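User: Hi! Could you walk me through this model?
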Amino acid sequence: MPGHEYLLTSTNLFELEDTPKNVAIIGSGYVGMEFATLLSAAGVKVTVIVRSGQPLEGFYSQHVHQLVDEMKNSLGINFIFKQNVTVTEAQTGYEVQSANGNLGTLIKLLMPVVEFLKLMH
């Protein structure tokens with residue numbers, strides 16, 4: 001993925017000295033979804049970027065849809081579906097872009113370490 005050098009992983013997220021204001025999580029497996037919930041509960045604005053049409057692929061879709069609705073409505077987590085992204089450094093953070101256009105500037109980007117290792121191979 002272009003821009004992977006700007007990504008935090010779920011491992012080095014805990015090394016941050018300050019809590020970021022907003023985070024995009026690229027990947028929606030169980031680790032990404034868990035971090036989305038954790039960061040949102042800590043007051044971080046969270047966007048989950050899902051490459052497919054559903055997070056937690058392989059899980060029962062009706063339960064996943066209920067979970068996503070709850071995460072959106074109760075925690076204010078934003079989901080962007082069916083997107084592959086590129087990342088570039090910007091003056092105030094990182095610019096996240098998809099084939100459909102600019103998704104915005106974010107302070108931190110997180111990719112669960114499992115997804116990051118897949119990306120590197």
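Analyst: Happy to; we can go through the sheet, a hairpin and a couple of single residues.

User: Great. What kind of model is it, and how are residues numbered?
Analyst: This is a predicted model, with local features needing pLDDT of at least 70 and side-chain atom pairs counting only at pLDDT 80 or more, while totals for chains, interfaces and linings use all residues. Residues are numbered from 1 along each chain as its sequence is written, and side-chain values use heavy atoms, with hydrogens and water left out.

User: Thanks! In what order do the five strands of the open sheet run?
Analyst: The order is β1-β8-β2-β3-β4, with parallel pairing. Strands here are DSSP runs of E with at least two residues, helices are runs of H or I with at least four, and both are numbered from the N terminus. Two strands pair if DSSP finds at least two bridges between them.

User: Which strands stand at the edges?
Analyst: Those are β1 (8–9) and β4 (78–81); each has a single partner strand, so one side of each is left without a neighbour in the sheet.

User: And which helix packs on the sheet?
Analyst: Helix α1 (residues 30–41) does, touching β2 (22–26), β3 (45–50), β4 and β8. Its direction makes about 170° with that of β2; axes are lines fitted to C-alpha atoms, for helices over the stretch in contact, and angles run from 0 to 180 degrees between N-to-C directions. Contact means heavy atoms within 4.5 Å.

User: How does β1 pair with β8?
Analyst: In the parallel sense, over two bridges, with β8 covering residues 108–111. L8 has L110 as its bridge partner in β8.

User: Switching topic: what do β5 and β6 form?
Analyst: A hairpin, with two residues between the strands. β5 (residues 85–90) and β6 pair in the antiparallel sense over six bridges, and T86 stands opposite Q97 in β6.

User: How many residues of β6 are buried?
Analyst: Five of the six in β6 (residues 93–98). Buried means under 20% relative accessible area, exposed over 50%, and partly exposed in between (1.4 Å probe, protein chains only).

User: Nice. What does L103 touch?
Analyst: Leaving aside neighbours within four places in sequence, L103 contacts I49, I80, V85, V96, Q97 and S98. L103 lies in strand β7 (residues 101–106), and its C-alpha is 9.1 Å from that of I80, 23 residues apart along the chain.

User: Why is L103 called partly exposed?
Analyst: Because its relative accessible area is 30%.
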